[in-house]
Amino acid sequence: MDNRPIGVFDSGLGGLSVWRSLREALPCESLLYLGDGKNCPYGSRSADEIRRFSVEAVRCLLDNGCKLIVVACNTATAVAVKYLREMYADIQFVGLEPAVKPACLTTRSGVVGVLATARSLEGELFLRTSSLYADKVKILKAVGEGFVEAVENNAEDSHETETLVRRVLEPMLDAGADRIVLGCTHYPFLRTLMERIIGSRDVEVLDSGAAVARRTALLLEQSGLCADEGHTAEYVFMTFADEDYRRRLEGKAFAKEKTEL
């Protein structure tokens with residue numbers, strides 16, 4: 001048994017969508033979330049910058065006693081997770097892969113839309129998975145321009161954000177997509193808006209949060225790193241930005257359940 005925290009990092013607020021899945025699936029596990037904030041967004045950064053930011057995040061999490069690292073950022077996974085695994089060979093890493101496989105396996109129309117950052121769409125994981133289904137499924141790709149910034153500014157419900165999302169999503173729907181894959185951890189915070197735009201169409205929106213939680217649980221068990229069954233989980237939030245941003249991380253992490261109370 002190992003009651004040390006799981007480390008989770010992202011460029012900013014987006015990885016909290018994965019954090020929520022981890023918290024729900026692993027209620028006895030403590031979570032230390034690092035939202036960079038200072039260098040967000042990563043999607044338009046150079047590969048060297050993304051690797052440097054990722055190493056800084058991992059060092060911080062390990063310095064704070066984390067036993068396993070979840071890279072809760074599609075861009076960082078695409079660009080840096082292989083590098084991180086080589087650099088920290090004794091640490092287990094869980095990366096993200098857009099839910100292209102389940103989308104392609106369940107589509108009825110034969111058309112799948114993928115929304116992601118430019119770096120994620122260029123990543124080896126996405127390209128390899130997409131190539132497996134390219135002869136059977138039409139995969140439409142688009143960069144969610146302004147999506148990350150909208151979530152970072154808590155502007156998910158604004159008219160401006162709806163315009164941005166409609167501009168990208170509606171052409172996919174018009175082309176027959178019945179599966180929309182969210183390939184950036186910020187994008188699930190726009191799910192409600194997307195579902196409103198989708199309306200009565202028989203379209204499913206998929207993200208990777210639940211799959212990441214399942215993979216994390218498996219690695220913990222295989223490595224003997226699970227927390228005690230009765231352990232009271234602790235949730236800590238850190239950032240490379242300022243205290244106001246750290247408070248925003250904590251607030252957004254629990255915002256959904258506060259709304260439900």
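Colleague: Hi! Which residues does Ser11 touch, leaving out those up to four places away in sequence?
Modeller: Ser11 touches Gly35, Asp36, Gly37, Cys40, Pro41, Tyr42, Cys73 and His186, where contact means heavy atoms within 4.5 Å. This is a predicted model, in which local features need pLDDT of at least 70, side-chain atom pairs count only at pLDDT 80 or more, and totals for chains, interfaces and linings use all residues. Residues are numbered from 1 along each chain as its sequence is written, and side-chain values use heavy atoms, with hydrogens and water left out.

Colleague: What makes Ser11 count as buried?
Modeller: Ser11 has 3% relative accessibility, and buried means under 20% relative accessible area, exposed over 50% and partly exposed in between, with a 1.4 Å probe and protein chains only. So Ser11 counts as buried. Ser11 is in the loop between β1 (6-10) and α1; helices (H or I, at least four residues) and strands (E, at least two) are DSSP runs, numbered from the N terminus.

Colleague: Why is Asn154 called partly exposed?
Modeller: Asn154 has a relative accessible area of 46%, so partly exposed is its class. Asn154 is in the loop between α7 (147-152) and α8, and has a positive phi of about 55 degrees although it is not a glycine.

Colleague: What kind of peptide bond joins Cys40 and Pro41?
Modeller: The bond is cis, with omega at about 0 degrees. Pro41 lies in the loop between β2 (31-35) and α2.

Colleague: Now the helices: why is α1 called oblique to α10?
Modeller: Helix α1 (residues 16-25) and helix α10 (residues 209-222) pack at an angle of about 50 degrees, with their axes 8 Å apart. That angle makes α1 oblique to α10, because under 35 degrees counts as roughly parallel, over 145 as roughly antiparallel, 65 to 115 as roughly perpendicular and the rest as oblique. The contact is made by Val18, Ser21, Leu22 and Ala25 of α1 and Gly209, Ala210, Val212, Ala213 and Thr216 of α10. The residues of this contact divide into 6 nonpolar, 3 polar and no charged.

Colleague: What makes α2 oblique to α3?
Modeller: Helix α2 (residues 47-63) and helix α3 (residues 74-87) pack at about 60 degrees, with their axes 9 Å apart. So α2 is oblique to α3 as well. On the α2 side, the contact includes Ile50 and Val58, and on the α3 side Val79 and Leu84. The contact residues come to 10 nonpolar, 2 polar and 2 charged.

Colleague: And how do you know that α8 is oblique to α9?
Modeller: α8 and helix α9 (residues 191-198) pack at an angle of about 55 degrees, with their axes 10 Å apart. That value makes α8 oblique to α9. The contact includes Val165 and Leu169 of α8 and Leu193 and Ile197 of α9. Its residues divide into 7 nonpolar, 1 polar and 4 charged.

Colleague: How many residues are in the largest nonpolar core, and what makes it a core?
Modeller: It has 51 residues, and those with the most contacts inside it are Leu16, Val70, Leu115 and Ile180. A nonpolar core is a set of buried Ala, Val, Leu, Ile, Met, Phe, Trp, Tyr and Cys residues joined through side-chain atoms within 4.5 Å. Helix α8 (residues 159-174) gives the most to this core, with 5 residues. Apart from it lies another core, of 23 residues, among them Phe53, Val58, Ala76 and Val81.

Terms used. Axes fitted to C-alpha atoms, helices over the stretch in contact; angles between N-to-C directions. Nonpolar A, V, L, I, M, F, W, Y, C, P; charged D, E, K, R; others polar.
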